[in-house]
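User: I am new to this structure. Please walk me through its cavities and one of its helices.

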Amino acid sequence: MKITVVGSGGWGTALALLLLENGNDVALWSHTQEKTDILRATGENPMLSGVALPKEMRFTSDLADVADSGAVLMATPSYAVRETARRMKEFIRPGTIIVSASKGIEKDSSLRLSQVIEEETGGKCPVVVLSGPSHAEEVGRRIPTGVVAAADDLTIAQQVQDLFMNQRFRVYTSDDKVGTEICAALKNVIALCAGCCDGMGCGDNTKALLMTRGMAEMARLGVALGGRKETFTGLAGMGDLIVTCCSMHSRNRRCGILIGQGKPIPEALEEIGAVVEGYYAAANARTLAQRAGVEMPIAQAAYEVLYQGRDVRGVVDDLMSRAKRSELEESWS
Ligand SMILES: NC(=O)c1ccc[n+]([C@@H]2O[C@H](COP(=O)([O-])OP(=O)(O)OC[C@H]3O[C@@H](n4cnc5c(N)ncnc54)[C@H](O)[C@@H]3O)[C@@H](O)[C@H]2O)c1
C-alpha cells in the first residue's frame, strides 16, 4: 500500500521505517523543502541519528502526495496538527484512514488531536490513534515494542493493526480513543514532574508516589471525559507512563531534570532542542480539569512551576501537605 507519513521528526521517521519494512510504498513528508533535501542527500535524519534511511524510502515536501495514499500517518508536533490537516484536506480521498501518532492536546481549544484532524478534514476520513510506550530511538533500532491502535470502529483499528504489526512491533486494538489520547497527552506532564524529582535529588519512593498518584489523576480526568478506566492500566496508560518517567530517551523527563536542577524554564526547553509536549499539555490539563470539575493536584503543580514561576520545592511541599485522604476514594471520585 502507498502510505504517506506526514511529519519527519524522530517518530514519523521510525514509523516510516517500520511501514517500509512491512512492504509498503512509503513517502516521508517534511514541512520544508530544506529538510526533505537533507534527508535525501544524507540518508539519515538528525532527529533519529545513527539509523540509515533505505533508498526505497521516498522524501517529499508536497502534501499532494496524500492524494493516492491508502493511509496517511500524521506525526507532526501537536502544535502543527491543525494546520497540516487543513492543508491535507483538499488532497485526501474520503475514507482514507488517518493514523494520528502525535501526543498532545491542542493549545487554546483543548481538543484531542484526533478531534482536530476530524474537524479539519470535515469528518470524511476515519482517524485512528496510535499510542503506547514507544521511543522512536528504540523503534528505529528494531527493538521489540508494543502499542495500541484505538478507533471508534474496531474493524478500522484492526486494519491499522495489520498495517503496523510485525515480529518486533506488536499492536493491540482498542475502541477507546478518548482514554488513549488523554493518556498520551497527560503522561508527558507527569514525566516532566518525574524529571523534576530526579533533578531535585528525590528518590525512587518519591517517583513511585508521583507516578501512581499521577496515573490516578490522569484516569480521573479521562473517565470524566468519557474514556475507559481499563485504558489507563494498559499500554497507552501505565505502559507509556513507565517508559516516559523512567527513560533518558524521554525529552519531557530530561526537561524536568533541568528544571529540578534550577534551570529557568525557557532555557530548559531550549536545551532539549525538540518538542517538549508536556509543557503545552500542562496548560491544557488544567483547563480540561477545571471544565470537567476534576481535581488534578499534580498537573496543577506542574502548571504553577511552568507558567507561574513557582519554585519546584514549594510545590512539592504543598503536595505533601495536602489534606488526609483515602487512596481509593480519591482515585475515582
Ligand atoms: N519521539 C518519540 O519517541 C515519540 C514517540 C511517540 C509519539 N511521539 C509524538 O510524535 C510527535 C512528533 O514527535 P517527534 O519526536 O517526531 O518530534 P521531533 O522533535 O523529533 O521533530 C519534530 C519535527 O516537526 C517538524 N516541524 C516543525 N514545525 C512543523 C510544522 N509547522 N509542521 C510540520 N512539521 C513541523 C520539525 O522539522 C521536526 O522534524 C509529538 O507529538 C510526540 O509527542 C514521539
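User: How many cavities of 30 Å³ or more are there?

Analyst: This is a predicted model, where local features need pLDDT of at least 70, side-chain atom pairs count only at pLDDT 80 or more, and totals for chains, interfaces and linings use all residues. Residues are numbered from 1 along each chain as its sequence is written, and side-chain values use heavy atoms, with hydrogens and water left out. A cavity is a set of points on a 1 Å grid over the protein atoms alone where a 1.4 Å probe fits but cannot get out. Volume is the space filled by probe spheres set on the points, which are joined across faces, edges and corners. The count is two.

User: Which residues line the largest cavity?

Analyst: This cavity holds about 40 Å³ of space. Lining residues have an atom within 4 Å of a point. They are S102, K103, G104, L113, V129, E181 and A184.

User: Which residues of helix α4 are buried?

Analyst: Helices are DSSP runs (H or I, at least four residues), numbered from the N terminus. Buried means under 20% relative accessible area (1.4 Å probe, protein chains only). In α4, residues 113-120, these are L113, S114, V116, I117 and E120.

User: Why do the buried residues line one face of α4?

Analyst: Look down the helix axis and take the directions from it to the C-beta atoms. The buried residues line one face because they fall within an arc of 160 degrees.

Definitions and conventions. Buried means under 20% relative accessible area, exposed over 50%, partly exposed in between (1.4 Å probe, protein chains only). Helices (H or I, at least four residues) and strands (E, at least two) are DSSP runs, numbered from the N terminus. On a 1 Å grid over the protein atoms alone, a cavity is a set of points where a 1.4 Å probe fits but cannot get out, and a pocket is an open set with protein on both sides within 12 Å along at least five of seven lines; lining residues have an atom within 4 Å of a point.
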